[in-house]
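Here is a short tour for someone meeting this structure for the first time. Keep the view open beside the text and look up each spot as it comes along.

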Amino acid sequence: MKLRLESFGELRLIDLAGQPVAFPEKGLLAICYLLDRYLQNGAGSEYPRSALARFLWDSHDNPDIMANLRKTISRIQARQTELGTELLIFTATGVRIKPDAFVCDLFELAKSDGGGALENLRRLVAVLRQDFLAVLADQSVSTQQWIAGQRDRHMAILVDAMKTALPTARSREDISLIKEAALKIFRDAPDDENIRRILLEAYESEGQLENARRLFEASRHGLESALDIGLDVQALREVRKVFAGSQSPPSVMEPLSDGGSRVARPLPRLVLLPPGGMDAAGALPMLCGPLIEDVTIGLCALNTVSVVAPHTAARIAGHADKAELILRHSISYVLDTRLTDHALFVQLIHASGDEVIWAERFNLEKYDLISHRRDIARRIARELAGQVRRHETMRHSFEGNSAAYHSYLLGLRDVKRLSLPDIRRSRKAFREALQHSAHFAPALSGLSRTFVVEWLLTARGDRELLGLAEDYANRAIVADPSLAAGFRELGVAKLYLGDIDESLLALKLAEELSPHYADGIASYADTLVHASRPADALIKIDRAISLNPLSPTDYLWTAAGANFALGHYTEALEQISAMDDRTPADRLSAACWAMLGDMKNARLYMRKVREIYPDFDVDKWLSVVPFKEQWQKEQYREALRRAGF
């Protein structure tokens, strides 16, 4: 029996006759959550039971979540047996869905628009007439945050579909469809000037301008009474100008209900730096300049980001001190581009935190760049717009407190340096940030990382540090289940706690959530080293380095560890020599030199380690460092003994 899951409006299961079918509500919610991951990321793999429990009940509020989950699983399995079908499959450690065992209204959102733009919009309007999971009895904080994020995404899909359908709308029926979609979007985002304009044109075509005026006025009064603030008064003033025929220039100040005023928040500024070597011979360098200009032009159509003009971008790219110019021109995001051997490498950087948000390599060999240039440009522009929008949403939720945001950025800077003073300074900054915003997931995941790095650097096997790392990683996942960094830190903590299989699962989920997250992929590579899969680890770390070519120290440390496990001692030393600060890898350097038979260098690095950690003990260290297979532990033990430890 193939059942239908309805998630818009009331969450319920329907049989072939259209009758409701009893099923545990938490089970239906879990299906929606896992189905969304499957549709968005192709993430059909097993999801950890512990992560699902935190999503459904919030671990920091309820210590009995695993007991709750076991009871829920028992009820779900009993009901599935009665129905003679499996919607959810449970293993000892995880859960996954069977998407072919049921149909769901969420599938409608994932359909291609093969029937044409208007038909696609008509289908979406029908699905989105009710809010996603509008009636849900029991919601955890993480569930509420996920539902809110899903509704935002659904609105973005509807907006894109409406903009695509708008140019083809001709008949009265088409205009009515556009108006219905615009009204749905307007109720969700009443401050969107473009939606107002579309509604005005639709009402005008029907001779109902007065209805539009009443709609906008009612919206303004409702928002002001709900929030006690004059929201988007400037945009409403522009609407009145349409009715009155006024053309006066807009003010840069927004009046408040108390008679004061504030300066409107400026849009984030984005600069696209053209690749170097544009004067080289051949068609590829010649066409890359126009390609970047095409991307810039495409982004200029957005009202969510301000794009620096190509001329200024070229001047910044050629300047000796790019960072100074970026700061001087208040640029928020930098798209750095590089041309290498028939490929265009692009990297989106958040300027104030020097944080790589997204990176991709476009292999231009498979394209006829002359005919496909605009297709590539549209793909880059679409991805850029989405990444900036997601990052701005996260940043705005936190940046309202400038002191907290400043503390977070300081912590982000210091956590990248592998020394105890920097790590402890970073921890202090993250804690200060959390004093202002207790559930800010990036700061929670950053705090988790500081405990793991301290555990590695001190080499004392202090499990309390790992326990704290695991706890803060779990809190980060609860605060934002869509953030890959939380799963990354959970995977790293689980690795050193000895749960290698759980570590691999968590890091696989991080990669599925964010396939371009270089730091997450690097941590995945590190776990593969400890899982006694060094060849697979090298493939992963090469991928991370390709996404983040000016690699942090820990990337090179992981690459060196993989090479050491493979017996490539010279290659491992080459990776270590490329590190900005080689001190964290002194133990590994000593081991490599010893295995190469160079006892002079082996002893040199052994003494360096002893100077910093005089009580370092090989057997104690190897008893707490997890390796899946014994041969790897014995290889390290032999190397350190030869070096004189």
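Let's start at Ser532, which counts as buried because its relative accessibility is 11%. (Buried means under 20% relative accessible area, exposed over 50%, and partly exposed in between, using a 1.4 Å probe and protein chains only.) Before going further, note that this is a predicted model: local features need pLDDT of at least 70, side-chain atom pairs count only at pLDDT 80 or more, and totals for chains, interfaces and linings use all residues. Residues are numbered from 1 along each chain as its sequence is written, and side-chain values use heavy atoms, with hydrogens and water left out.

Ser532 sits in the loop between α21 (518-530) and α22 (534-547). (Helices are DSSP runs of H or I with at least four residues, strands are runs of E with at least two, and both are numbered from the N terminus.) Most residues other than glycine have a negative phi. Ser532 has a positive one, near 60°. Leu133 also has a positive phi, near 50°, and its place is in the loop between α5 (117-127) and α6. Is Leu133 buried or exposed? At 1% relative accessibility, Leu133 counts as buried.

## The whole chain

Now zoom out. The protein chain has 645 residues, and 50% of them count as buried. It has 28 helices and 14 strands. Its accessible surface comes to about 30,000 Å², with 51% of that belonging to carbon and sulfur atoms; these areas come from the Shrake-Rupley method with a 1.4 Å probe, and for residues only the protein chains shown count as cover.

What about contacts along the chain? Among those between residues at least 6 apart in sequence, 59% join residues at least 24 apart. (Contact means heavy atoms within 4.5 Å.)

Leaving aside residues up to four places away in sequence, Phe564 touches a set of neighbours including Tyr569, Leu588, Met595 and Tyr636.

Next, look at helix α18 (residues 463-479). Its 17 residues should span 24 Å at 1.5 Å a residue, and its end C-alpha atoms are 24 Å apart, which agrees; the expected span is 1.5 Å times one less than the number of residues. Among the buried residues of α18 are Leu465, Ala469, Tyr472 and Ile477. The buried residues of this helix pack against α2 (49-57), α6 (141-165), α17 and α19 (484-496).

## Strands and sheets

Ala17 lies in the loop between β2 and β3, and with a relative accessible area of 62% it is exposed.

A second open sheet has 3 strands in the order β4-β6-β5, with antiparallel pairing. Here β4 (47-48) and β5 (88-90) are the edges, each with a single partner strand, so one side of each has no neighbour in the sheet. β5 and β6 (residues 94-97) are joined by 3 bridges, and Ile89 has Arg96 in β6 as its partner. Elsewhere, β10 (residues 269-273) has 4 of its 5 residues buried. Its link to β11 (residues 306-307) is parallel, with 2 bridges, and Arg269 stands opposite Ser306.

## Cysteines

How many disulfides does a search of the whole structure find? The count is 0, with a disulfide being a pair of cysteine sulfur atoms within 2.5 Å. For Cys32, the nearest cysteine sulfur is that of Cys104, 5.6 Å away. Cys32 is buried, at 0% relative accessibility, and Cys104 is buried too, at 2%.

Conventions
Two strands pair if DSSP finds at least two bridges between them.
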